[in-house]
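Subject: Structure handover

Hi,

Here is the structure I promised to pass on to you. Have a look at it first, and then read on for what I found.

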Amino acid sequence: MMSLKTVLVTGAAGQLGKLLRESLRGKVRALRLSDIAVMDPANEGEELWPCDLTDVDGVRQMMVGVDCVVHLGASLNVDDWNETLQVNIAGTYNIFEAAKRAGVGRIVYASSHHAVGMYPVDEPLDQNVPLRPDSLYGLSKCFGENTARYFWDKFGLEAVCLRIGSTRSKPTEPRELSTWLSEPDFQALVYACLSAKAVEFSVVYGVSNNSDSWWNNTHATHLNYVPRDNAAHYQAEIESLVASGKSVGHYALQGGKRADYGMVVLQNEPSNS
Ligand SMILES: NC(=O)c1ccc[n+]([C@@H]2O[C@H](COP(=O)([O-])OP(=O)(O)OC[C@H]3O[C@@H](n4cnc5c(N)ncnc54)[C@H](O)[C@@H]3O)[C@@H](O)[C@H]2O)c1
C-alpha cells in the first residue's frame, strides 16, 4: 500500500477539495491543504498552505515532505486562454516538476471527461481512446494527462488521471444519468487511488455505477474502487424536470454544454460538378 503519511490537496477550498478534506480526515497522518482562496480553519492533523499554482518557488516549497498529491486546483473557465495557460497548464507542470524534485511517490490528477468531450453520446469509451477535448479547459486537461504520462515514463512518478464526470449531490439533467459521480463515490475513488499498491500511469473515469454510463472502467482492477451509486435512481425526477422546462434536454456530444459552446458547425461545400 502507498504510504499515506502526508497528502497534499490542491484546490482545497473548492467544491471537490472540501469533500476530500472531509473524507481524508483521520485516514492520513497529515493533510496539507492548499488554495489561493480562503480555506476553513485547520482541524487537528491538517495544515493550511496558501499557494498560487503559478508561483514556481512557492509550489516547490509546498511539496517538501509530501508523499502523495491530489491535484484539484484549476480554473474551470471554459475558454479564457490566459487563465487556462497560467493555472491549468503552467500550474499543473509546476506541481509535477516540484513533486519530482521532492521525491513524491504519486499524484492523483483531476482530469475531466471534457478531455474527451467531443465524442458523440452514443459512443462508449475506454481509457485508450484518443483524446478529443471540447474546450480550452478540456485541452488543458489533455496537457495534464500527457504531463502525467511523461513524468511516469521518464521519472517514475506514479499518477492516476481521473476523467471526472459530474460530481454533485444528485444528477439534475439527462446527460448526468451517464456522467454523474456521486460525492461518496468521488471520495471513495480518490482514496482508492491513494491507497492502491501500485498505479504506475493510469487513466480512470470518475463515474458512479450508472446504468447509462458511457465509460468503461473494467481495466481499473488495480484500484479497489467499487462505486455504490446509480444515477438511474433519479431518472423519474430528471424526466419531470425536463417536462417542466427546469432542465435542459439532450446533447449530441459527451461534453454537453462545454462541447456546444462556441462551436462552428461545418457545412458541406456545395459541389461545382
Ligand atoms: N466538480 C466536477 O464535477 C468536476 C468535473 C470534472 C473535473 N473536475 C476537476 O476537479 C477539480 C476540482 O473541481 P471543483 O469542482 O472542486 O472546482 P472549484 O472551482 O470548486 O475548485 C478549484 C479550486 O482551485 C483553486 N484555484 C484556482 N486557481 C488557482 C491558483 N492559481 N492557485 C491555486 N489554486 C487555484 C480555486 O480557488 C478553487 O478553490 C478541477 O481540476 C476540475 O477541473 C471537476
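Predicted model: local features only at pLDDT ≥ 70, side-chain atom pairs only at ≥ 80, totals over all residues.

Let me start with strand β6: E158, V160, L162 and I164 point one way from it, A159, C161 and R163 point the other way, and all are buried. Between β5 and β6 the chain passes through helix α4 (residues 136–155), and this β-α-β crossover is right-handed. Right-handed here means that, with the strands pointing away from the viewer, the path from the first strand over the helix to the second runs clockwise.

Residues are numbered from 1 along each chain as its sequence is written.

Back to β6 (residues 158–164): 7 of its 7 residues are buried, so the strand is largely enclosed by the rest of the structure. Buried means that 20 or more other C-beta atoms, placed from the backbone, lie within 10 Å of the residue's own. Helices (H or I, at least four residues) and strands (E, at least two) are DSSP runs, numbered from the N terminus.

β5 and β6 run parallel and are joined by 7 bridges, with A110 opposite L162 in β6. β6 and β9 (residues 201–206) also run parallel, joined by 6 bridges, and there I164 stands opposite G206.

Of the 24 residues around the ligand, G11, G14, A74, A110 and I164 come nearest; "near" means a C-beta atom, placed from the backbone, within 6 Å. α1 (15–24), α3 (81–102), β5 (106–112) and β7 (166–167) each supply at least two residues of this shell, and α1 gives the most, with 3 residues.

As for the whole protein, there are 8 helices and 9 strands. Buried residues make up 47% of the 273 residues. Along its principal axes the C-alpha trace spans about 65 × 45 × 35 Å.

Best wishes

Note on methods: Buried ≥ 20, exposed ≤ 12 C-beta atoms within 10 Å, placed from the backbone. Pairing = 2+ DSSP bridges.
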